[in-house]
Amino acid sequence: MTSDLNFTDNIFLEDDFVLLRSLQESDVENLLEISINEPETWKYSLVGAEGKENLINYIQSAIKAREAKKEFPFIVFDKKSQKYAGSTRFYDINLDFKTLQLGYTWYGSAFRGTGLNKHCKFLLLQFAFETLGLERVEFRADNNNERSIAAMKNIGCKVEGVLRSHMPTAEDGVRRDSIVLSILRNEWFGEVKEKLKQKL
């Protein structure tokens, strides 16, 4: 089973803990508090969203990429606290190859380690494999970003390798090694889905 991703649709993915919906320009207000008070959130990101101006640019470029059918960005709403927690997206989407990457994920500090990320990833992976019928979901991170790598392994990602000197960083003249992880369709249905469900 496969179905196309309609880039003009507003997608809503939710369970009892979290709601993911399509990111919109008006979401600047919903994410501003994290953006202003927690600039370290984007320590490992090439494109940061710290401060109002950067946040506006971040959201606008994410929406442009969606209009170009390259990315699909979401805002994350935490139902327990009734607050917006951060953002995540599908990117590098190749429906012909049945692959995409899942990333650009960040949450305010109050939402880290709460289990929120596992709920988000479950909903996004379920959508990718079961609604879109994809074969592979890939994840990448700065090879120094231990928290992010641990979180990806925890949801069932397998490490494939490291791309050396893969891309620039926000720091002048400093390039990063990127670790590549993935989940395949047969792994999702074989064990990853069930194991992740047990952790929710």
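**Briefing: strand pairing and helix packing**

Strands S7 and S8 form a hairpin with 6 residues between them, and glycine 173 in the turn has a positive phi of about 75 degrees. Helices (H or I, at least four residues) and strands (E, at least two) are DSSP runs numbered from the N terminus. This is a predicted model, in which local features need pLDDT of at least 70 and side-chain atom pairs count only at pLDDT 80 or more, while totals for chains, interfaces and linings use all residues. Residues are numbered from 1 along each chain as its sequence is written, and side-chain values use heavy atoms, with hydrogens and water left out.

**The sheet**

- An open sheet of 8 strands has the order S1-S2-S3-S4-S5-S6-S8-S7, with mixed pairing; two strands pair if DSSP finds at least two bridges between them.
- Strand S1 (12-14) and strand S7 (158-168) are the edge strands, each pairing on one side only.
- From one strand to the next, the twist averages 25 degrees.
- S1 runs antiparallel to strand S2 (residues 18-22), to which 3 bridges join it; leucine 13 stands opposite leucine 20 in S2.
- S7 and S8 pair in the antiparallel sense over 7 bridges, and proline 168 stands opposite arginine 175 in S8.

**Helices across the sheet**

- Helix H4 (residues 146-154) lies across strand S6 (136-142), S7 and strand S8 (175-184), and runs at about 160 degrees to S6.
- Helix H5 (residues 185-199) lies across S7 and S8, at about 65 degrees to S8.
- Axes are lines fitted to C-alpha atoms, for helices over the stretch in contact, and angles run from 0 to 180 degrees between N-to-C directions; contact means heavy atoms within 4.5 Å.

**Packing of H1 with H2**

- The axes of helix H1 (residues 28-37) and helix H2 (residues 52-67) come within 10 Å and cross at roughly 135 degrees.
- The two helices, H1 and H2, are therefore oblique to each other (angles under 35 degrees count as roughly parallel, over 145 as roughly antiparallel, 65 to 115 as roughly perpendicular and the rest as oblique).
- On the H1 side, Val28, Glu29, Leu31, Leu32 and Ser35 meet Lys52, Leu55, Ile56 and Ile59 in H2.

**Aromatic pairs**

- The structure holds 10 aromatic pairs, defined by ring centres of Phe, Tyr and Trp (its six-membered ring) within 6.5 Å; planes under 30 degrees apart count as stacked, over 60 as edge-to-face and the rest as tilted.
- The ring centres of phenylalanine 122 and tryptophan 188 lie 5.5 Å apart with planes at 50 degrees, so the pair is tilted.
- This pair links distant parts of the chain, with phenylalanine 122 in helix H3 (residues 116-131) and tryptophan 188 in helix H5, 66 residues apart.
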